[in-house]
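User: I would like to learn how to read aromatic contacts in a protein model. Can you take me through them step by step?

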Amino acid sequence: MSHGQAAIKLPPSQAFSPPEKFELRRCASLQELPMPQLQGRPLKHRYAALHASALQRTDVCRCSFPAAFSNSRRKHLQGSLFSLIGRKIDSASLESHIKKNESAQAPRTGSLTMRARTGSEDGAGKPAASSTSPTDFSSYLVDAGIKAGSALFGKGLPPGLLIQTAEAAWRGTWKIMMSQLAPSNDDGSYKRPESAFRNRIEKGGRFPPEKGRYHLYAALTCPWAHRTLIVHAIKGLDAVVPFSIAVPGSSGLWEFASDSSKSGGATLQTTIDRGAGKKTLKEVYKSQTGGYDGRSTVPMLWDTKTKTVVNNESADIIEILNEAFNDWAAHPDVDLAPKHVAADISRWNDLIYDTVNNGVYKCGFATSQGAYDIAVAALFDTLDAIDAHLQRSRYLCGDQLTLADVRLFTTILRFDPVYYVHFKCSRQRISEYKYLYPYLRDMYQHPGVAATCDLDSICRQYYYSLFPLNPGGLVPVVPRGSDPVGLLQPHSRGKLLSSPVLQSA
Ligand SMILES: N[C@@H](CCC(=O)N[C@@H](CS)C(=O)NCC(=O)O)C(=O)O
């Protein structure tokens with residue numbers, strides 16, 4: 001190169017013919033990348049380019065290389081652009097950086113490679129069979145950005161660039177992650193995927209009630225799975241529907257661990273897979289007759305006889321557990337969905353599912369300010385309405401605890417420790433509500449319920465492993481009032497005269 005050696009060395013696998021001009025555009029997906037030369041390139045190169053383009057402050061960043069630039073120099077500059085994420089750069093400023101670099105007293109030795117640390121590519125730069133995980137991508141992107149910056153500016157990155165690079169790396173990774181883990185509508189509001197299995201367990205049906213035939217897969221963190229554990233406990237189904245409890249593994253899959261349930265703790269604990277003997281829940285889903293490769297969610301009800309997923313929708317599973325196993329349940333007379341309040345249950349369910357159960361996720365997973373504003377307003381409108389209703393009614397539908405209460409409880413239990421902070425549901429804590437907070441304590445103290453609540457696991461898993469919204473991985477303390485000591489304080493709700501009428505919702 002006429003100006004001496006470039007400080008940035010690209011590996012041979014990255015060699016391709018650079019065009020005279022190219023541009024980085026904002027793209028919604030990898031497929032839309034307007035750079036034909038990237039087609040067929042390893043996925044992570046395309047991600048780096050997508051990342052760079054998505055984060056430009058302007059919509060299009062054009063770059064023309066002066067004709068005097070040699071081919072190899074264009075390659076270097078273009079490669080740098082892919083890595084200088086978040087930084088709008090033109091050939092003139094890059095040129096001046098390189099000149100400065102060349103005249104610096106202590107030349108930098110850092111070389112920029114486009115390889116991920118995980119080595120998921122073979123030596124020829126072809127993607128290996130297993131794809132790079134999002135976590136690998138994020139460390140790769142951060143790494144690439146820092147290396148590119150260091151190569152150009154030396155060890156002491158200018159703070160502005162450092163902040164811009166970190167912000168860009170995080171924001172880009174977040175966008176990729178949200179588009180895959182939390183699908184949203186065009187307006188940026190979270191759209192929860194439908195559950196795939198909705199069979200019922202009924203006498204005379206495809207899945208008839210039987211003692212010991214069905215297995216429940218659950219997790220302590222997940223509010224949807226928690227519903228099923230509560231109904232299971234209240235109905236007394238230990239001897240009828242065995243269950244396994246999974247934890248989120250580092251792979252992002254639900255995994256089973258050693259059987260710590262025999263340690264005699266006050267709460268339920270993670271187990272091995274007692275239903276199908278697998279290591280992950282995905283393997284259980286996959287092993288079903290006919291196979292399955294979709295989302296492997298908890299809760300899930302498994303038929304050990306036909307090796308089939310019966311149902312993976314918590315709203316259905318709690319109804320099934322409430323009504324299908326009364327011939328063997330320890331508490332068959334406890335009916336959590338009595339016919340005379342069926343309409344009330346259904347009305348509360350509709351309102352609470354949309355604005356509270358799923359509403360907290362709509363706040364946490366919103367990808368636009370407008371979508372968040374709408375979700376958070378709807379969430380607190382409903383909580384206000386419930387609080388007003390609970391002034392007169394011990395439970396949502398009168399004097400008796402129903403499935404509607406179970407569905408509300410698992411969300412409000414997690415509210416102050418998790419959703420208030422992690423999902424930005426921050427207008428008000430549950431512990432600040434006059435009636436909702438004693439109601440939360442009343443529910444917690446209902447026989448069998450406290451043993452299903454593991455606030456330490458909930459916090460650890462939400463903040464650390466379940467939703468990668470917290471890159472530092474620090475787990476906040478459980479607030480006073482939301483811990484078992486607070487939840488066991490007297491609630492005095494037994495004295496209430498109840499009204500089953502939906503008052504103000
Ligand atoms: N609609 C489902 C939602 C269940 C759900 O989203 N479970 C989450 C845990 S909180 C899960 O297993 N996610 C894993 C995945 O999406 O792959 C239900 O209510 O049962």
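User: Is Y190 buried or exposed?

Analyst: This is a predicted model. Y190 has a relative accessible area of 6%. Buried means under 20%, so Y190 is buried. F365 is buried too, at 4% relative accessibility.

User: How many aromatic pairs does a search of the whole structure find?

Analyst: The search finds 17 aromatic pairs.

User: How is a pair of aromatic rings described?

Analyst: Two values do it: the distance of the centres and the angle of the planes. Take Y190 and F365. Their ring centres are 5.0 Å apart and their planes stand at 85 degrees, so this pair is edge-to-face; the cut-off for that class is over 60 degrees.

User: Which parts of the chain does that pair link?

Analyst: Distant ones. Y190 is in the loop between α5 and β3, and F365 is in the loop between α10 and α11. The two residues are 175 apart in the chain.

User: What about F197 and Y285?

Analyst: That aromatic pair is tilted, with 6.3 Å centre to centre and 50 degrees between the planes. F197 lies in the loop between α5 and β3, while Y285 lies in helix α7, so the pair ties together parts 88 residues apart in sequence. Both F197 and Y285 are buried.

User: Which residues form one aromatic cluster?

Analyst: Y190 and F365 are among them, and others include W224, Y353 and Y462.

User: Where does the charged end of R441 sit?

Analyst: Over the ring of Y437, 4.6 Å from its centre. Likewise, the charged end of R274 sits over the ring of F243, at 5.9 Å from the centre.

Conventions:
Residues numbered from 1 in each chain as written. Predicted model: local features only at pLDDT ≥ 70, side-chain atom pairs only at ≥ 80, totals over all residues. Heavy atoms only, no water. Phe/Tyr/Trp six-rings, centres within 6.5 Å; stacked < 30°, edge-to-face > 60°. Helix = DSSP H or I, 4+ residues; strand = E, 2+ residues; numbered from the N terminus. Buried < 20%, exposed > 50% of the residue type's maximum accessible area, 1.4 Å probe, protein only. Lys NZ or Arg CZ within 6 Å of the ring centre and 35° of its normal.
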